[in-house]
Amino acid sequence: MLTKLFLVVSAICATSSLAQSPGNETIADWKQVSDGPWSKREGLMGLAHNSYLFMSGGRTNHGVGFSDEVWRSEDEGSTWTLASKSTIPPRAYHVHLLVDDCQYIMGGQTFFTFYNDIWESCDGLGEVWTQVTKSAEWEGRAGLAATVTKNGDMVVAGGCYNKNGNPARRSFYGDVWTSSDKGRTWTLKTKKAEWTARSGPRLVEDAHSNLLIIAGEIGFTPDTQLVDIWSSSDTGESWSLVTDSPGFSERSGHGVVVTSGGDILVIGGWPHLHDAWLSEDQGASFKQISNNVWNCDEDACGKFDFWPILSEDGLSLYTIGGSAAYSTFGALWQDTWVTEL
């Protein structure tokens, strides 16, 4: 049975050896533990709960389809079981969070629909889902960043939508919202944060209970990728620049986890990246600790729009799915990887 896991964006209880050995050239060897059975996809989300790994949604079918599935694994990603299908509308680039013992899926998109609904599952298996909010106070969006604070508040920031209904043109949100009642109601913290409105950033809470929003994008080209990091000490109401030159390159669709020691780990991202960077100073600076994530040392196996899941004891990091293409309709992955931190 899988060692109990915890939500990727939350702090963990044990001390990570990664934080103790920041000078390593690599994190550790990566091991691919499965390839499917869920189809190849990007923009999927996942978390760990109740001794299972969970995965939801994603963009499938060579980039022209969207999944309505929830899958779970009880053996560290080696095998997966379909937990739910045809209950939650299909979507990708959404949010999948854990609050107390309940999972929540919200936001996301298909080509023409951008969601602001919220779904809840409290059965521990991801099989039974109930819509608790049909239309949240924030507008429908995809590529939104989200986290759950130590006191159990949900936080949503940024995201994108089709401009004038045209999938080829997008506009971006720079707002921040919080919910203290598990997504039933939302409070606007700021309509326009100090950071540039964006999609595909990552939002975490650091060891000092500050929110950090990390990188993201305002388009699909190299010159529209972002690298700046911003911090908020008042749950997203106001933000201050931490750094616009953290050491790693501009990126979106990357993975971010926070270790028990308060260190921040950034891995991969657009386009085709396979590096790993560690910060021991709340995101002010990063040092590269690997350039062969997924045992990959070339563009062909780099990834973005995958999702990372950190084990509860802080000793294992899993990644699921992702994309490896500059174009919209390119290579997708259906694999699960793990490394020991």
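The structure is predicted, and local features are reported at pLDDT of at least 70, side-chain atom pairs only at pLDDT 80 or more, while totals for chains, interfaces and linings use all residues. Residues are numbered from 1 along each chain as its sequence is written, and side-chain values use heavy atoms, with hydrogens and water left out.

Strand 18 spans residues 225-232 and is mostly covered, since eight of its eight residues are buried. Buried here denotes under 20% relative accessible area, exposed over 50%, and partly exposed the range in between, with a 1.4 Å probe and protein chains only. Gln225, Val227, Ile229 and Ser231 point one way from strand 18, whereas Leu226, Asp228, Trp230 and Ser232 point the other way. Residues on both sides of the strand are buried.

Strand 18 is paired with two strands, pairing being defined as at least two bridges found by DSSP between them. Strand 17 (residues 211-217) runs antiparallel to strand 18 and is joined to it by six bridges. Within this pairing, Gly216 has Leu226 of strand 18 as its bridge partner. Strand 19 (residues 240-243) is also antiparallel to strand 18, with three bridges between them. Here Ser231 stands opposite Ser240 of strand 19.

A disulfide is a covalent bond between the sulfur atoms of two cysteines. In the model, a disulfide was assigned to a pair of cysteine sulfur atoms within 2.5 Å, and two disulfides were found by this rule. One joins Cys102 and Cys122, whose sulfur atoms are 2.0 Å apart. Cys102 belongs to strand 9 (residues 102-106) and Cys122 to the loop between strand 10 (118-121) and strand 11 (130-133), so the pair ties together parts that are 20 residues apart in sequence. The torsion about their S-S bond is about 115°, and the disulfide is therefore right-handed. Cys102 is buried at 10% relative accessibility, whereas Cys122 is partly exposed at 43%.

Cys296 and Cys301 form the other disulfide, with an S to S distance of 2.1 Å. Its S-S torsion is about 90°, so this disulfide is right-handed. Cys296 is buried, with a relative accessible area of 0%, while Cys301 is partly exposed at 22%. When the bonded cysteines are numbered in sequence order, the pairing reads 1-2, 3-4.

Notes:
Helices (H or I, at least four residues) and strands (E, at least two) are DSSP runs, numbered from the N terminus.
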